[in-house]
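Here is a colleague's note for someone opening this structure for the first time. Please read the points with the model on screen.

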Amino acid sequence: MHRPNVVFIISDDQGFWSLGCAGNKEILTPNIDRLAAEGTRFDNFFCASPVCSPARASLLTGCIPSQHGVHDWLRDDDERQSAIEYLAGQYSYTRALAENGYDCALSGKWHMGASAKVQQGFTHWFCHKSGGGPYYGAPLYKDGKLYREERYVTDAITDDALEYLDSRQGQEGPFYLHVAYTAPHAPWLNNHPKEYTDLYKDCPFESVPHLPRHPDSIYLTDEVAKDERANLIGYFAAVTAMDAGIGRILAKLDEMGLAEDTLVVFTADNGFSCGHHGFWGKGNATFPLNMYEESVKVPFIARHPGRIPAGRVCDALVSAYDFMPTLLDYLDVPCTDTLERPGTSFAPALRGEAFRQHDEVVVMDEYGPNRMIRDRRFKYVARYPYGPNELYDLQEDPGETRNLLAQGGAEGLEQSMRRRLEAWFARYVNPQIDGAREAVFGSGQIGLAGLWGDGSPAHSCDDYIKENPNYAPYRVK
């Protein structure tokens, strides 16, 4: 059986709003826009958790955080932390691909534990040591050795992806290339080439809101406020520099005659706010941790000439935990693992076939003890154990500015949505690593969750959290 190649491109901390093809008239993303014009863009694709490590682990394994045990971004402050293989013994779609003849290559960010170790079916392993950091002097593993990269890290990741594609010349069998950029993750000041920052020196940045500070926002918002315009220039420049790298990869596929035989997917690990709601960041940009649309909704574009309709926009509610069954279905690759996963294949939507969802279709998210259920109109956020809980009417209030629970009169709707949320999570959660029982502050995971950690602390509570009253755990409002 002939199966196509796959190039999977994932950005880091990118809001769904930050693409030209999504309607942003200020940001320059011509190559991602080309992918959308030549493929299908999904307007309602959601991450499984609004922070990098659990979001990436859910994409890879098809599991929610309370099944794979990664509940927060993973710290690697010391050798013990950096050596933990959080996905050991777990089954991913890359393992399924490798079992079925795919050569799997990683270029860029992993951030799912034990970055020095080749794992989950990969053979080629050019890996960032951490989850972020400087764009010059980035710590990377190449050929098993850790070194500091002098090049702009976006270019280094692109260069490695191109070298891998060159190495496939004359090789038999399909490949899977995982291109994981650190862009547009912070830092944004003095970290990006002048050729890209100059593009935005006169930009009015009308595509982002300029709102008063959110009362629950934490340190990043305060830091950015010292020079918000410079940070906006850096964020937009990081996206455009990444887009240029994506253009080089698409050009290489064209040059090698592989474009017609390659599925290209572009997405992001989690969303991001650049002043939206009055803060900068993602799910851990506030405390209590947030589930705003800008944090949980991400770009998702798929292109495969001749198989995926060009220029189409799909508004189906789909999620990161749907990606593994979708990809394996699309490629006709069997999954030999028997774990019950929550995802449903949306491969018919990729192929342009009828894919009309019923109104009761919902998207679920979790970030530690915070869970969300979202249907086409309403979003309910439950914060365990104390709240505050939130309920938004996205049809009447798309900006999520009015919590219906604070107004009263929505108790019946809250009860219905909470019942659906808790029944869904009860079906899929592994009680040994249940996120609702995890003390996730948003400042990093330092060990295995729940019972898997043998009683050792799993989550960081640094001095800032201890000193900042807005970051006190489970603060009651």
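1. Start with the second largest cavity. Helix 2 (residues 52-61) gives the largest share of its lining, 3 residues. The model is predicted, so keep that in mind throughout. The volume of this cavity is about 40 Å³. Its lining consists of Ile10, Arg56, Leu59, Leu60, Tyr93, Met112 and His178. By class, 5 of these residues are nonpolar, 1 is polar and 1 is charged. In total, the structure has 3 cavities of 30 Å³ or more.

2. Turn next to the largest pocket. How much space lies in it? The figure is about 650 Å³. Its lining has 32 residues. Nearest the centre of the pocket are Trp73, His185, Tyr219, Lys282 and Asn284. Helix 8 (219-225) contributes at least two lining residues, and strand 11 (280-281) also contributes at least two. The lining splits into 16 nonpolar, 11 polar and 5 charged residues.

3. Strand 5 (residues 122-128) deserves a look. Why is this strand described as largely enclosed by the rest of the structure? The reason is burial: 5 of its 7 residues are buried, so the rest of the structure largely encloses it. Buried here means under 20% relative accessible area.

4. Strand 5 has a partner in strand 4 (residues 103-108). These two strands run parallel and are joined by 5 bridges.

5. Cys127 stands opposite Tyr141 of strand 6.

6. Check the backbone at Gln120. This residue is in the loop between strand 4 and strand 5. Its phi is positive, about 50°, although Gln120 is not a glycine. Is Gln120 buried or exposed? Its relative accessibility is 8%, so Gln120 counts as buried.

7. At 14% relative accessibility, His277 counts as buried.

8. The bond joining Ala183 and Pro184 is cis, with omega about 0°. Pro184 belongs to the loop between strand 8 (175-180) and helix 7 (194-197). The bond from Gly387 to Pro388 is also cis, with omega near 5°. Pro388 lies in the loop between strand 18 (378-383) and strand 19 (390-393).

9. Last, the overall picture. The chain contains 15 helices and 19 strands. Its radius of gyration is 21 Å, close to the 23 Å that the globule rule gives for 477 residues, so the chain is as compact as a globular protein of that length. The C-alpha trace spans about 65 × 50 × 45 Å along its principal axes. Of the 477 residues, 61% are buried. Contacts also reach along the sequence: among those between residues at least 6 apart, 71% join residues at least 24 apart.

Technical notes. Residues are numbered from 1 along each chain as its sequence is written. This is a predicted model: local features need pLDDT of at least 70, side-chain atom pairs count only at pLDDT 80 or more; totals for chains, interfaces and linings use all residues. Side-chain values use heavy atoms; hydrogens and water are left out. On a 1 Å grid over the protein atoms alone, a cavity is a set of points where a 1.4 Å probe fits but cannot get out, and a pocket is an open set with protein on both sides within 12 Å along at least five of seven lines; lining residues have an atom within 4 Å of a point. Grid points are joined across faces, edges and corners, and a volume is the space filled by probe spheres set on the points. Helices (H or I, at least four residues) and strands (E, at least two) are DSSP runs, numbered from the N terminus. Ala, Val, Leu, Ile, Met, Phe, Trp, Tyr, Cys and Pro count as nonpolar, Asp, Glu, Lys and Arg as charged, and the others, Gly among them, as polar. Buried means under 20% relative accessible area, exposed over 50%, partly exposed in between (1.4 Å probe, protein chains only). Two strands pair if DSSP finds at least two bridges between them. The radius of gyration is taken over C-alpha atoms; the globule rule is 2.2 Å times the number of residues to the power 0.38. Contact means heavy atoms within 4.5 Å.
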